[in-house]
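Trainee: Please take a close look at one part of this model for me. I would like the charged contacts first, then the aromatic rings.

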Amino acid sequence: MSRRCRDPIVFLYFFLYGAGIIEVLGGLSILLGYKARYGALLLALFLIPVSYIFHDFWNLSIDHEIKEQTILFFSNTAIFGGLLYIVANGAGCFSFDRER
């Protein structure tokens, strides 16, 4: 197999593991309340291209797929709003990095 045929596979694993690391670190930081603003910002920035690339309902032609992808896109939009709330207000009074 030539080198040119294997290159997309290398990038696939790079982005797959990178996405997993971003999701785990961001989720744990919000869950534990340690540097929750940075974790929420990381997840919010991650969610923008993910929603645009994977839930592109505007490019579909089958009606039920359009409905399904629209629901998923707007659920990601709601999650994005919640993450922005954490970025703006912090994790709250029961977090590790609460302001004294």
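Mentor: This is a predicted model. Start with the charges: the count comes to one salt bridge. It joins the side chains of Lys67 and Asp63, at 3.6 Å from N to O. Both residues lie in helix α3, which spans residues 63–89. They are four residues apart, about one turn of the helix. Lys67 has 51% relative accessibility, so Lys67 counts as exposed. Asp63 has 49%, so Asp63 counts as partly exposed. The cut-off for exposed is over 50%.

Now the rings. The structure holds eight aromatic pairs. One of them is Trp58 with Phe73: the centres are 5.7 Å apart and the planes stand at 90°, so this pair is edge-to-face. The pair links distant parts of the chain, 15 residues apart. Trp58 sits in the loop between α2 (36–54) and α3, while Phe73 is in helix α3. Trp58 is partly exposed, because its relative accessibility is 38%. Phe73, at 18%, counts as buried. Phe73 also pairs with Phe74: their ring centres lie 5.4 Å apart with planes at 85°, so that pair is edge-to-face too. Phe74 is partly exposed at 47% relative accessible area. Ring pairs link Trp58, Phe73 and Phe74 with Tyr52 and Phe57 into a cluster.

One more contact brings a charge and a ring together. The charged end of Lys35 sits over the ring of Tyr34, 5.8 Å from the ring centre.

Technical notes: Residues are numbered from 1 along each chain as its sequence is written. This is a predicted model: local features need pLDDT of at least 70, side-chain atom pairs count only at pLDDT 80 or more; totals for chains, interfaces and linings use all residues. Side-chain values use heavy atoms; hydrogens and water are left out. A salt bridge is a side-chain nitrogen of Lys or Arg within 4 Å of a carboxyl oxygen of Asp or Glu. Helices (H or I, at least four residues) and strands (E, at least two) are DSSP runs, numbered from the N terminus. Buried means under 20% relative accessible area, exposed over 50%, partly exposed in between (1.4 Å probe, protein chains only). Rings of Phe, Tyr and Trp (its six-membered ring) pair if their centres lie within 6.5 Å; planes under 30 degrees apart count as stacked, over 60 as edge-to-face and the rest as tilted. A charge sits over a ring if NZ of Lys or CZ of Arg is within 6 Å of the ring centre and within 35 degrees of the ring normal.
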